[in-house]
Amino acid sequence: MRKFFEKRDLLIFLIVLFSIGFSFVVPRGNGEKVIVEGKDFRKVLEKPGLYDITENGRFLMRVEFDGKKARVIESTCPLKICVKTGWVGPGGTIVCVPNEVIIYFEGKTDYDTKTW
C-alpha cells in the first residue's frame, strides 16, 4: 500500500512551489515603453508623464503615460476617436488616422490578441 506523502511527492511539491514563486520574482519586461510613431517621427515614452506630440512644429496630440497604460487626452483630429479609445495597456494600440499616428507598447506580450 502506498503512503499518503512520499519523498517524490515532496520533491514535486517543492518544484511547483518554486516555479510559482519564481514567476512572481522575475520581471517580465514587457510593455514598459510606449512608442509613438508618425509619418516622419518616432518617440519613445519611458517615464510617466504628459507628452505633447508634434510633427514639424505642428501640435498633433497630447499623450498621457502612467507607467503601465497610455491614452490620448487631446488631439487635433476631427472625430477624436483616439481620445475616445481611452487607456490602453500592453498589447493595446491607439491609432489616429487623420494625424497618421500610432501608439503601441514595445515588447512582447503574453498573448497574441485581446478582445473585449
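Colleague: Is Asn 99 buried or exposed?

Modeller: Keep in mind that this is a predicted model. Asn 99 is buried, because its relative accessible area is 6%, and the cut-off for buried is under 20%.

Colleague: Where is Asn 99 found?

Modeller: Asn 99 sits in the loop between β6 (93-96) and β7 (101-106).

Colleague: What does the side chain of Asn 99 make a polar contact with?

Modeller: With the side chain of Ser 75, at 3.3 Å.

Colleague: And which residues does Asn 99 touch, not counting those up to four places away in sequence?

Modeller: Arg 58, Leu 60, Met 61, Ser 75, Thr 76 and Cys 77.

Colleague: Take Met 61, then. What is Met 61 in contact with, leaving aside neighbours within four places in sequence?

Modeller: Met 61 contacts Tyr 51, Asp 52, Ile 53, Val 72, Glu 74, Ser 75, Cys 82, Cys 96, Asn 99, Val 101 and Ile 103.

Colleague: How many residues does the largest nonpolar core have, and which have the most contacts inside it?

Modeller: The largest nonpolar core has 20 residues, and those with the most contacts inside it are Val 34, Val 36, Ile 53, Met 61, Val 101 and Ile 103. The elements giving two or more residues to this core are β1, β3 (49-55), β4 (58-65), β5 (70-75), β6 and β7.

Colleague: Which element gives the largest share of this core?

Modeller: β4, with four residues. As background, nonpolar side chains in soluble globular proteins tend to be buried together.

Colleague: Let me step back to the whole chain. How many helices and strands are there?

Modeller: The chain has two helices and seven strands. Starting at the N terminus, the elements run α-β-β-β-β-β-α-β-β.

Colleague: How much of the chain counts as buried?

Modeller: 28% of the 116 residues. The accessible surface of the chain is about 8,700 Å², and 60% of that belongs to carbon and sulfur atoms.

Colleague: What about contacts between residues 24 or more positions apart?

Modeller: Such residues account for 29% of the contacts in the chain with a separation of 6 or more.

Colleague: Which residues make the nonpolar surface patch?

Modeller: Phe 4, Phe 5, Leu 10, Phe 13, Leu 14 and Leu 17 make a nonpolar surface patch of about 680 Å². One of these residues, Phe 13, is found in helix α1 (residues 7-25). Phe 13 is partly exposed, with a relative accessible area of 48%.

Colleague: Switching to charges. How many salt bridges are in the whole structure?

Modeller: A search finds six. Among them, Lys 33 pairs with Glu 106, and their closest N and O atoms are 4.0 Å apart. That pair links distant parts of the chain: Lys 33 is in strand β1 (residues 33-37) and Glu 106 in strand β7, 73 residues apart.

Colleague: How accessible are Lys 33 and Glu 106?

Modeller: Lys 33 is partly exposed at 32% relative accessible area. Glu 106 is partly exposed as well, at 33%.

Colleague: What does Arg 42 meet in a salt bridge?

Modeller: The side chain of Arg 42 meets that of Glu 37, at 2.6 Å from N to O. Arg 42 counts as partly exposed at 46% relative accessibility, and Glu 37 counts as partly exposed at 25%.

Colleague: And how far apart are the closest N and O atoms of Glu 106 and Arg 42?

Modeller: 3.6 Å, and the two form a salt bridge. Glu 106 lies in strand β7 and Arg 42 in strand β2 (residues 42-45), so this pair ties together parts that are 64 residues apart in sequence.

Colleague: Which residues are linked in the network of salt bridges?

Modeller: Lys 33, Glu 37, Arg 42 and Glu 106. In general, side chains of opposite charge can pair when their charged atoms come close.

Colleague: Last one. How far apart are the C-alpha atoms of Glu 106 and Pro 90?

Modeller: They are separated by 7.9 Å, with the two residues 16 apart along the chain.

Conventions. Residues are numbered from 1 along each chain as its sequence is written. This is a predicted model: local features need pLDDT of at least 70, side-chain atom pairs count only at pLDDT 80 or more; totals for chains, interfaces and linings use all residues. Side-chain values use heavy atoms; hydrogens and water are left out. Buried means under 20% relative accessible area, exposed over 50%, partly exposed in between (1.4 Å probe, protein chains only). A polar contact is a pair of N or O atoms within 3.5 Å; within protein, one must be able to donate a hydrogen and the other to accept it, and residues adjacent in sequence count only if both atoms are side-chain atoms. Contact means heavy atoms within 4.5 Å. Patches are made of residues with over 30% relative accessible area and no salt bridge: like charges are joined within 9 Å, nonpolar side chains (Val, Leu, Ile, Met, Phe, Trp, Tyr) within 5 Å. Accessible areas come from the Shrake-Rupley method with a 1.4 Å probe; for residues, only the protein chains shown count as cover. A nonpolar core is a set of buried Ala, Val, Leu, Ile, Met, Phe, Trp, Tyr and Cys residues joined through side-chain atoms within 4.5 Å.
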